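I wanted to look up the disulfides in this structure. My notes are below.

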Amino acid sequence: MDVSFVCKILYLPFFSVLAEKHGTCSSPVVHDEYSYFSTTLNVYFKYNVTKVLNEAGYVPSNSEKYPLGGIVSAIENAFHTTPQLVCSKGALEELRLCFYKDFKPRDCVTQNDMYSSKSSCPKYLSLPANDFLGHDGAETEVSWVPDNEGHEAL
């Protein structure tokens with residue numbers, strides 16, 4: 001059986017919903033689902049947060065605590081923009097980079113939002129190595145995205 005055919009049949013509705021929900025604000029720059037996902041992947045690899053954090057010494061750990069300011073500074077120094085962080089139970093849950101429609105980075109937070117963004121995170125937080133539950137409900141090891149230096153960037 002043709003795998004690409006199966007993927008199109010099974011996942012096309014899923015991709016369409018994601019592109020419709022998250023990709024509409026990128027119009028008219030991105031025109032269709034393929035453009036949305038290929039652009040998303042290019043941006044993801046060009047602004048490789050995992051690589052930046054690893055190079056700064058911030059590696060996934062369920063026990064190690066890292067300074068919030070150091071994590072923010074590492075991202076600011078690498079991408080010249082301020083990220084938005086979301087924490088839960090003392091751990092980093094999301095690190096968001098924000099972009100203009102032309103995919104140039106912009107600050108996610110304004111001066112007024114800076115306090116609220118940092119207030120959800122403690123001064124020292126963990127970068128969890130076990131991040132989600134598998135299909136059977138058991139915790140599944142999540143490794144950070146590998147370093148893809150050979151990937152073509154935008």
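These entries cover the disulfides and where their cysteines sit.

Entry 1. I noted at the start that the model is predicted. I reminded myself that a disulfide is a covalent bond between the sulfur atoms of two cysteines.

Entry 2. How many disulfides does a search of the whole structure find? I got two.

Entry 3. I looked up C87 and found that C87 forms a disulfide with C121, with the sulfur atoms 2.0 Å apart. The torsion about their S-S bond is about 90°, so I wrote this disulfide down as right-handed. I placed C87 in strand 2 (residues 84–88) and C121 in the loop between helix 5 (111–119) and strand 6 (124–127), so the pair ties together parts that are 34 residues apart in sequence.

Entry 4. Are C87 and C121 buried or exposed? The relative accessible area of C87 is 11%, and I listed C87 as buried. C121 also counts as buried, at 7% relative accessibility. The cut-off I used for buried is under 20%.

Entry 5. I turned to C98, which a disulfide joins to C108, with 2.2 Å from S to S. I read 115° about the S-S bond, and this link is right-handed. C98 lies in strand 4 (residues 98–99) and C108 in the loop between strand 5 (105–106) and helix 5, so the pair ties together parts that are 10 residues apart in sequence.

Entry 6. I checked burial here as well. C98 is buried, with a relative accessible area of 15%, and C108 is buried at 13%.

Entry 7. Last, I numbered the bonded cysteines of the protein chain in sequence order and wrote down the pairing as 1-4, 2-3.

Conventions. Residues are numbered from 1 along each chain as its sequence is written. This is a predicted model: local features need pLDDT of at least 70, side-chain atom pairs count only at pLDDT 80 or more; totals for chains, interfaces and linings use all residues. Side-chain values use heavy atoms; hydrogens and water are left out. A disulfide is a pair of cysteine sulfur atoms within 2.5 Å. Helices (H or I, at least four residues) and strands (E, at least two) are DSSP runs, numbered from the N terminus. Buried means under 20% relative accessible area, exposed over 50%, partly exposed in between (1.4 Å probe, protein chains only).
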